[in-house]
Amino acid sequence: MTPPPSGAAVARDLFALVERLYPLCRSLSGAGVRRTLELLRELIPLELHEVPSGTRLFDWTVPDEWNIREAWIADADGRRIVDFGESNLHVMGYSTPVDGEYDLAALRKHLHVAEQHPGWIPYRTSYFQPDWGFCLSRRASDALEPGRYAVRIDSSLAPGAMTYGELLLPGRRSEEFLVTTHICHPSLCDDNLSGIAVASFLARALGERPRRFSYRFLFVPALIGPLAWLARNQARLSGVWGGVSLTCLGNRGVLTYKRSLQGDGVVDRGFQRVLERRGQGEVSVPFGPGGADERQFNAPGFRIPFGALTRGRHGDLAEHHTSADDMTFISGAQLADALDACLGVISVLEEEPRFIVRAPPGEPQLSRRGIYRAVGGGGGPEQGEAVAAMLWILALSDGRWSLPEIADRSGLPLRGVQEMSEVLVRQELLERL
Ligand code: ZN
């Protein structure tokens, strides 16, 4: 067997993947998304799905497919002062085609700048309202002289499809966990090429090991991407035990895990314990309605306990959604460190002992099994603890709680909980997952 790659090699490879995907013009749909997924298929066997424009997804409808070839603004001398060829952020995502001349006042209605940061190009989209626009630095915008400008956006908005990628890694058991990341941002590194890179490497690592649970990776456009998957997979949602969305993992901040609405799902507990154990000042924060893919999975009607792993809190970093979220804003070491935390949670899910009560639903009838005699002794504090351990195990063992988690939750020593699990297995009341 080849030895596992060193941390430095993983960091380098993660960074190289981001670098390779960086130039592509991704959006909610179109060639840049397909090309991104094609490149990822060199790493992991993603299945590609095409959701036709016009498809109803609950309260939403898949918009037309957007593709763009070139876009620029030229001054009276024919000098290109804004050019999509230099940065794909220069064009508002989903801009309708334009070919005309505008005076500065009329043009300004279609220009977007980052007011607070004169050197940065902001990132803007208009998926659901037909519009066109250019994004440029405030400095460049301030320098525009009154006069006539030639404007061209060679784009198309036409019936086509929205593309997403999916990879199921089946385990011995059908219960599954989801890992999602969005793929709709153009040349932006932390948000969200970092999530794409970490999710891809996590999928590859998981694909190479035996698995107790099943894992499904989704590479989807934000918001309606998760809804597309949810709409197409309603029959299997009861087997989804939770998930996590991976975004913004390459910046300098500490890892922050946003808990699901429910707050103590399997994935919530896994991340909270792993981040605590790592002891790097990383935090878990309560659910809030902002954020990424977790919004859909936690929403009414689904209520799948779904968390989000980021660095820093969503919306805290000014660089996000601007040209400052470039290759210098992230580091391979931070990406590798986020991957390491995710792999730690996988170890919790896969390796910690978990059991299922064999007499569900409801509580098993203990007296008829002579169970109190079996748990030992003639009363006293030790037996009290043993009985408490037994009741906690029986109360929590639906497979979602590992023995260390049951010990934590009950405040009982892990060893006693372990011993009692063995007694209950011998009594055929408990089955190892
Ligand atoms: Zn974003």
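The legends below describe close-up views of a predicted model. Local features are taken at pLDDT of at least 70 and side-chain atom pairs at pLDDT 80 or more, while totals for chains, interfaces and linings use all residues. Residues are numbered from 1 along each chain as its sequence is written, and side-chain values use heavy atoms, with hydrogens and water left out.

**View 1. The zinc site.** The zinc ion is coordinated by NE2 of His-185, OD of Asp-191 and NE2 of His-321, at 2.1 Å. Donors are N, O and S atoms within 2.8 Å of the metal (3.2 Å for Na, K and Ca); water is not among the atoms, so sites may look incomplete. Along the chain the donors follow the spacing H-x5-D-x129-H. Helices (H or I, at least four residues) and strands (E, at least two) are DSSP runs, numbered from the N terminus. Asp-191 is buried at 5% relative accessibility, whereas His-321 is partly exposed at 33%. Here buried means under 20% relative accessible area, exposed over 50%, and partly exposed in between (1.4 Å probe, protein chains only).

**View 2. A cis peptide bond at Asp-191.** The bond that joins Asp-191 and Asn-192 is cis, with omega about 15°. Asn-192 has its place in helix H5. Asp-191 is also one of the residues that coordinate the zinc ion.

**View 3. An open sheet of four strands.** The strands are ordered E5-E4-E9-E6, and their pairing is antiparallel. Strand E5 (80-83) and strand E6 (98-103) stand at the edges; each has a single partner strand, so one side of each is left without a neighbour in the sheet. On average, neighbouring strands of this sheet are turned by 20° against each other, direction ignored. Strand E4 (residues 65-74) pairs with strand E9 (residues 148-158) over nine bridges. Two strands pair if DSSP finds at least two bridges between them. Ile-68 has Ser-155 in E9 as its bridge partner.

**View 4. Helices H1 and H2.** Helix H1 (residues 7-21) packs on helix H2 (residues 31-40) at an angle of about 150°, with the axes 11 Å apart. Axes are lines fitted to C-alpha atoms, for helices over the stretch in contact, and angles run from 0 to 180 degrees between N-to-C directions. H1 and H2 are therefore roughly antiparallel; angles under 35 degrees count as roughly parallel, over 145 as roughly antiparallel, 65 to 115 as roughly perpendicular and the rest as oblique. The contact (heavy atoms within 4.5 Å) is made by Leu-17, Arg-20 and Leu-21 of H1 with Thr-36, Leu-39 and Leu-40 of H2.

**View 5. Helices H12 and H13.** The axes of helix H12 (residues 403-410) and helix H13 (residues 414-426) come within 9 Å and cross at roughly 125°. H12 and H13 are therefore oblique to each other. Among the contact residues are Leu-403 and Ile-406 of H12, and Val-417 and Ser-421 of H13.

**View 6. Two loop residues with positive phi.** Cys-248 is not a glycine, yet its phi is near 50°. Cys-248 lies in the loop between strand E13 (240-246) and strand E14 (255-258) and is buried at 3% relative accessibility. Arg-303, also not a glycine, has a positive phi of about 50°. Arg-303 lies in the loop between helix H8 (294-298) and E16 and is partly exposed at 47%.
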